[in-house]
Amino acid sequence: MAAFPSAKNVPVDFKDKTFLVIDDIIGVRSSMRITISTLGGVKIDMAANAADAFNKIERRSYDIILCDYSLGDAKDGQQLLEELKRRRLIKSATIFMMVTAERSYEKVVSAVELAPDDYLIKPFSGEVLRLRLERLVNKKSFLAPIFDLMERQEFRQAVQVCDQRLQAAGPYLLDLLRLKGELLLLVSDFAAARQVYEHILTMREIPWARMGLAKAQFFEENFEAAAEGFQQIVADHPRYMSAYDWLAKTHSALGDEAAAQRVLMEAVAKSPRILQRQKDLGETAYHNEDLDTAQDAFESVLEFGKFSAFAEPEDYANLSRVFLEKGEYTQALSVMTNARKAFENSDEVMLHAAVMDSMIHDKAGDKAAAEQAFGAARELFEGAAKKPESVALDMVRACYQHGDQTMGEKIAQNLVKNNHDNAAVLKRTEQMFQRMGLHDQGKELIHTSSREVIALNNRAVKLAQAGDLKGSVELLMQAADQLGNNNVVVLNAAHAILTYIGQTGWDEELALAVRGYLDAVKQRDPEHKKYLMLATVYKDLAAKFGVQQ
Amino acid sequence: MTIAGGGDKVPGALDFATLFAANTHEIKNQLFLLLNAVEQASREHWASEYPSARIALDGLKQGGTQISQRLTRLLALYRISQGHYQLDIAYHGAAELLEEVLLEIQPLLGARAVEMTVASTDEVYGFFDREMVRGILLNAVHNALNVAVRKISLNAAMEDGYLCIRVADDGPGFPPQVLETGMAQAKWNMGGGGTGLGLHFSATAAALHRNQGNSGFIRLSNEGALRGAVFSLYLP
């Protein structure tokens with residue numbers, strides 16, 4: 001193994017490094033260019049604002065980005081960094097250094113959640129810049145083997161390399177522990193992740209470590225402890241926004257939707273422009289029958305979403321449903337009219353609109369229009385390639401309203417079977433039946449349908465335990481073919497096949513099925529924990545049996 | 001003595017500390033512009049032609065930098081007292097920090113013909129607010145520079161679970177009354193210039209570093225390795 005770099009700086013040749021300087025003042029840009037060239041840097045690009053920076057970063061990958069915190073009146077450097085990370089435009093190996101005047105220093109260091117690699121307070125000398133950059137280059141090259149493995153999604157090996165490097169971590173101890181914790185969460189080894197974070201917290205109270213610990217506890221379903229952890233972060237670091245989202249999620253898991261709504265409202269008040277958070281708030285408030293808050297939140301989603309590609313037909317349906325519940329039928333209809341316009345009568349929006357229209361006309365007492373819309377909705381729903389859960393739920397309700405109980409039941413059963421372990425979907429389904437005055441009937445349907453899936457899984461497990469791996473695989477593959485949208489069922493089938501392959505050797509036909517299952521889940525949820533774990537197992541097996549990928 | 005506008009007797013009046021802090025900030029910004037102008041002047045060719053001009057400009061730069069650092073400490077103390085200071089505790093190597101301090105002091109050493117040695121093994125790490133600790137050490141080194149004869153030493157080591165950073169010089173040492181009364185003296189002296197403000201800042205900033213029931217502190221003594229004054233900073 002190569003010798004580890006020590007804390008002493010290894011001199012860095014900046015000649016080969018690509019630099020991007022982001023500053024709104026031209027004089028500062030040119031003096032930065034001079035400073036960088038005294039360090040030996042020659043590949044230097046300049047950007048005058050955030051938009052300019054995005055353009056350049058999309059076209060070329062940079063080794064070192066020096067960004068001023070204040071970029072005129074549009075976005076500041078922190079917002080730029082956050083968006084770059086959200087859009088995955090900068091790699092882990094890229095150095096992002098924030099340059100700040102003393103005035104904004106505290107804003108820079110209070111960004112505990114998505115911090116730059118380092119910051120420099122103006123004025124600084126070229127020598128200090130060199131020292132800081134050399135250190136960061138050394139650190140990134142120390143961590144590079146781990147970043148490489150992560151990029152190739154070989155998370156288990158990445159954890160092993162973390163462990164090796166932890167033997168002589170020196171100044172990178174905390175960086176390695178942080179990476180290890182994140183990796184363990186990714187591969188769903190929650191107990192080990194918890195131990196890493198607990199270990200860090202015995203050294204020091206660090207917000208990201210507290211966050212990691214609470215997440216591990218959440219996934220271990222120790223919701224009380226998780227809630228306590230997220231609460232502590234929110235209290236100590238009110239700007240740590242994702243802690244609010246997790247706290248709300250934990251309250252929901254504990255069944256306290258009122259508390260979840262309170263936390264989301266607090267977060268939205270601090271940072272309103274995050275669409276997902278507004279959606280969560282809208283859904284939680286709708287659940288809590290706080291229709292005014294739900295309306296505000298869904299309206300914000302549409303308003304902020306207007307300028308990005310993130311709004312969906314579903315968002316319009318969400319708002320329309322609130323107006324329907326409030327008895328404001330004209331409003332409810334006009335929202336769906338706007339939706340058709342916004343999405344140019346796409347199949348997806350037409351389905352949403354037809355379902356909503358049929359329910360609205362029905363409530364408003366216009367039976368003829370309701371029948372017509374329902375007919376269209378039924379046709380569109382049967383032909384739809386994708387049936388998102390929200391539209392399926394609305395469709396169930398429309399079916400019951402129009403007396404087509406058989407179809408409503410069938411759709412509801414399928415929805416439950418495909419989401420039998422998704423507590424949020426089951427809760428929404430139950431509530432919808434409750435709204436229709438069919439609470440008991442709904443509970444019964446949910447119970448029976450999810451039992452069916454669970455029983456099937458249990459049969460497969462029994463077969464496997466009895467030594468009939470092949471039989472278990474066949475049963476689970478049958479189930480996966482019937483319930484292709486159910487991540488749990490599909491991944492169970494993939495898991496069983498991989499175990500079978502591990503014991504009996506490579507079988508290309510079965511491997512092909514696994515790839516299909518994994519791809520299907522990846523499309524729906526690229527960060528699904530079990531998917532990531534099984535993708536790693538698949539790669540390991542392929543390597544073990546010498547199969548070319 | 002009461003100062004008009006300083007209490008709650010006058011409705012709507014600004015409190016004096018805030019007024020003072022806001023103006024200190026402005027003064028510091030103006031000083032920054034002034035220092036930029038000096039920097040520009042010293043890059044002119046006449047500055048290198050006339051050694052006396054260069055020495056005068058260097059003196060201006062050093063003096064200005066020290067005033068600026070003093071104002072920075074004053075503002076930091078103000079923010080700490082208001083409970084606004086955003087502490088940025090992270091994991092750093094002591095060697096890295098000492099290297100930076102040396103880099104910043106280097107230009108001043110030549111004029112005073114003082115040699116500074118930095119000693120720290122690579123294995124000394126700690127959790128601290130880098131900017132704050134840098135401020136503490138710069139202050140201590142500046143003080144040492146005022147009294148040192150030939151040598152200053154800067155070193156870091158782990159001591160009883162604390163990260164200890166020492167600044168020692170070969171000067172006459174702290175006067176006995178400073179050692180006897182310690183921090184109380186530092187507070188006393190604050191109004192009178194001298195080292196009072198710096199020591200008060202250092203003690204306050206050190207104490208903000210807390211870990212598992214322990215707080216940071218500073219200690220003054222004489223008769224170190226260089227037989228002069230020794231300033232020690234302890235971080236838990």
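A salt bridge is a side-chain nitrogen of Lys or Arg within 4 Å of a carboxyl oxygen of Asp or Glu. With that in my notebook, I turned to this predicted model.

**Entry 1: a pair between chains.** I picked Arg130(B) and Asp118(A), whose side chains meet at 2.8 Å, N to O. This pair crosses from helix H5 of chain B to strand S5 of chain A. Are the two partners buried or exposed? Arg130(B) is buried at 7% relative accessible area, and Asp118(A) also counts as buried, at 10%.

**Entry 2: a network.** I then saw that Arg130(B) and Asp118(A) belong to a network of salt bridges. Among its other members I noted Arg132(A), Arg135(A), Glu96(B) and Glu131(B).

**Entry 3: a pair within one helix.** Next came Arg130(A) and Glu127(A), with their closest N and O atoms 3.6 Å apart. I checked where they sit: they are three residues apart in helix H5 of chain A, so about one helical turn separates them. Arg130(A) is partly exposed at 23% relative accessibility, and Glu127(A) is partly exposed at 40%.

Entry 4: My last stop was Asp245(A) with Arg277(A), where the closest N and O atoms are 2.7 Å apart. I found Asp245(A) partly exposed, at 22% relative accessible area, whereas Arg277(A) is buried at 6%.

Note on methods
Residues are numbered from 1 along each chain as its sequence is written. Chains are lettered from A and ligands numbered from 1 in the order in which they are written. This is a predicted model: local features need pLDDT of at least 70, side-chain atom pairs count only at pLDDT 80 or more; totals for chains, interfaces and linings use all residues. Side-chain values use heavy atoms; hydrogens and water are left out. Helices (H or I, at least four residues) and strands (E, at least two) are DSSP runs, numbered from the N terminus. Buried means under 20% relative accessible area, exposed over 50%, partly exposed in between (1.4 Å probe, protein chains only).
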